Amino acid sequence: MPPVPPDPLETLEREADERRREEEKRGERHMWWYLGYFLFGIHLVALVMIYAVTHAK
């Protein structure tokens with residue numbers, strides 16, 4: 001019995017799923033970087049405000 005060739009539709013679906021998973025990973029990684037920068041900025045602003053309040057006359 002000859003081997004059965006893979007179904008082209010299944011191959012396309014599998015490739016699309018892999019691309020979607022990679023895109024989700026990349027998007028999630030970017031989201032964490034944006035969150036990190038945002039939190040860093042918030043703390044930087046807070047430190048500057050604390051410095052300004054403590055050194056005000």
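Modeller: A salt bridge here is a side-chain nitrogen of Lys or Arg within 4 Å of a carboxyl oxygen of Asp or Glu. Keep in mind that this is a predicted model.

Colleague: Which residues are linked in a network of salt bridges?

Modeller: Start with the pairs. Aspartate 17 forms a salt bridge with arginine 20. Glutamate 24 also meets arginine 20 in a salt bridge. The linked residues are Asp17, Arg20 and Glu24.

Colleague: How far apart are the closest N and O atoms of aspartate 17 and arginine 20?

Modeller: The cut-off for a salt bridge is 4 Å. Aspartate 17 and arginine 20 form a salt bridge by that rule, and their closest N and O atoms are 3.8 Å apart.

Colleague: What separates aspartate 17 from arginine 20 along helix α1?

Modeller: Aspartate 17 is found in helix α1. Aspartate 17 and arginine 20 are three residues apart in that helix, so the separation is about one helical turn.

Colleague: And what is the N to O distance between glutamate 24 and arginine 20?

Modeller: Glutamate 24 has its place in helix α1. Glutamate 24 and arginine 20 are four residues apart there, so about one helical turn separates them. Their side chains meet in a salt bridge, with an N to O distance of 3.1 Å.

Colleague: Is arginine 20 buried, partly exposed or exposed?

Modeller: Buried means under 20% relative accessible area, and exposed means over 50%. Arginine 20 has 41% relative accessibility, so it counts as partly exposed.

Colleague: Which class do aspartate 17 and glutamate 24 fall into?

Modeller: Aspartate 17 has 33% relative accessibility, so it is partly exposed. Glutamate 24 has 46%, so glutamate 24 also counts as partly exposed.

Colleague: How many salt bridges are there by this rule?

Modeller: Aspartate 17 pairs with arginine 20. Glutamate 24 pairs with arginine 20. Glutamate 23 pairs with arginine 26. The count comes to three.

Colleague: What is the N to O distance between glutamate 23 and arginine 26?

Modeller: Both residues lie in helix α1, three residues apart, about one turn of the helix. Glutamate 23 is partly exposed at 46% relative accessibility, and arginine 26 is partly exposed at 36%. Their side chains meet in a salt bridge, with an N to O distance of 2.7 Å.

Colleague: What separates the C-alpha atoms of aspartate 17 and histidine 43?

Modeller: Aspartate 17 belongs to helix α1. Aspartate 17 and histidine 43 are 26 residues apart along the chain, with their C-alpha atoms separated by 39 Å.

Colleague: What share of the 57 residues is buried?

Modeller: A buried residue needs under 20% relative accessible area. In this protein, buried residues make up 0%.

Colleague: Which residues form the nonpolar patch on the surface?

Modeller: Carbon and sulfur atoms hold 68% of the accessible surface, which comes to about 5900 Å². The patch has about 590 Å² of accessible area together. The patch is Met31, Trp32, Leu35, Phe38, Leu39 and Ile42.

Colleague: Last one. How far apart are the centres of the positive and negative side chains?

Modeller: The protein has 8 positive and 10 negative side chains. The centres of the two sets lie 13 Å apart.

Definitions and conventions: Residues are numbered from 1 along each chain as its sequence is written. This is a predicted model: local features need pLDDT of at least 70, side-chain atom pairs count only at pLDDT 80 or more; totals for chains, interfaces and linings use all residues. Side-chain values use heavy atoms; hydrogens and water are left out. Buried means under 20% relative accessible area, exposed over 50%, partly exposed in between (1.4 Å probe, protein chains only). Accessible areas come from the Shrake-Rupley method with a 1.4 Å probe; for residues, only the protein chains shown count as cover. Lys and Arg count as positive and Asp and Glu as negative; His and the chain ends are not counted. The place of a charge is taken as NZ of Lys, CZ of Arg, CG of Asp or CD of Glu. Patches are made of residues with over 30% relative accessible area and no salt bridge: like charges are joined within 9 Å, nonpolar side chains (Val, Leu, Ile, Met, Phe, Trp, Tyr) within 5 Å. Helices (H or I, at least four residues) and strands (E, at least two) are DSSP runs, numbered from the N terminus.
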